[in-house]
Amino acid sequence: MIQIHGVGHAIGGTPILHDITTTLPKGRLTALIGPNGAGKSTLLRLIGRLEPLQQGRITVAGHDVTTTPTDRLAQVMAILGQQTTIASRLRLSELVGFGRWPHHKGRPGPQDRALVWLALKAFSLTDLADRFLDEVSGGQAQRANIAMAWAQDTDWLLLDEPLNNLDMAHSRSLMSRLRGLVDQGGRSVAMVVHEINYAAAWADHVIAMKDGRVVAEGPPDAVLTEDLLSRIYETPIRIGRHQGRPLVLHHV
């Protein structure tokens, strides 16, 4: 599990997170939701050690993110942030191959190459493997970045708004793939989700945030209620049902 205790964070003297204490359960797909500025991405970046921890403690599968060596932590969790700018003259297969670096340290073997190919195949990128990043669309590049994190083959996969730039078909395909990683692969996923219905349809555990605080957490049925979501997003929201799960009606 990921345990977060008393985490606070400020940027330029402005508080962003306030005394966050929560747990992300192992073997589940956890969705972080909330309005813009809620602190979701900041919290994920702190878990993934993309930002230095200022206050509190975070452990991932028992590993303290502040003190655990980077190469060891990289074998426990993979993180994909929103900022994924990489040299444009890099082929997609080379980008995905970076996900294996924590394992082979620059000396890839047959297993590494096999996992890279499986990642390209899993995200429908085999036909684009030899294309350069500046020769593909934003959505194709996003899928390649996700494939890189997937190829890292860690127990934990952390994704910050991974559905950005993806069309409906690829968004659904990604959520299905992540669901399979949890259900069949025994892995754990935590992701920031902007479109709340993806959390409603696919997540096991939802953490709702507002103004740098956790305001609710639990299964989708417990968190995705009309009253709670209307208060968090400050707009009237209705909840329907689809295949036994909440359907968030926020667009009408």
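A: The buried residues of α5 are D112, L115, V116, A119, L120 and A122, where buried means under 20% relative accessible area, exposed over 50%, and partly exposed in between (1.4 Å probe, protein chains only). They lie on the same side of α5, because they cover an arc of only 165 degrees around the axis, taken from the directions from the helix axis to the C-beta atoms. This is a predicted model, in which local features need pLDDT of at least 70, side-chain atom pairs count only at pLDDT 80 or more, and totals for chains, interfaces and linings use all residues. Residues are numbered from 1 along each chain as its sequence is written, and side-chain values use heavy atoms, leaving out hydrogens and water.

Q: Which exposed residues does the face of α5 turned away from its buried side carry?

A: That face carries P110, R113 and K121.

Q: What covers the buried residues of α5?

A: Contact means heavy atoms within 4.5 Å. The cover includes α3 (92-97), α4 (101-104), α6 (138-151) and α7 (168-183).

Q: How many residues has the largest nonpolar core?

A: In soluble globular proteins, nonpolar side chains tend to be buried together. A nonpolar core is a set of buried Ala, Val, Leu, Ile, Met, Phe, Trp, Tyr and Cys residues joined through side-chain atoms within 4.5 Å. Here the largest has 54 residues, and L29, F123 and L178 are among those with the most contacts inside it. Helix α6 gives the most to this core, 8 residues.

Q: Which residues does L178 touch?

A: Not counting residues up to four places away in sequence, L178 touches L29, L157, L159, V189 and M191.

Definitions and conventions: Helix = DSSP H or I, 4+ residues; strand = E, 2+ residues; numbered from the N terminus.
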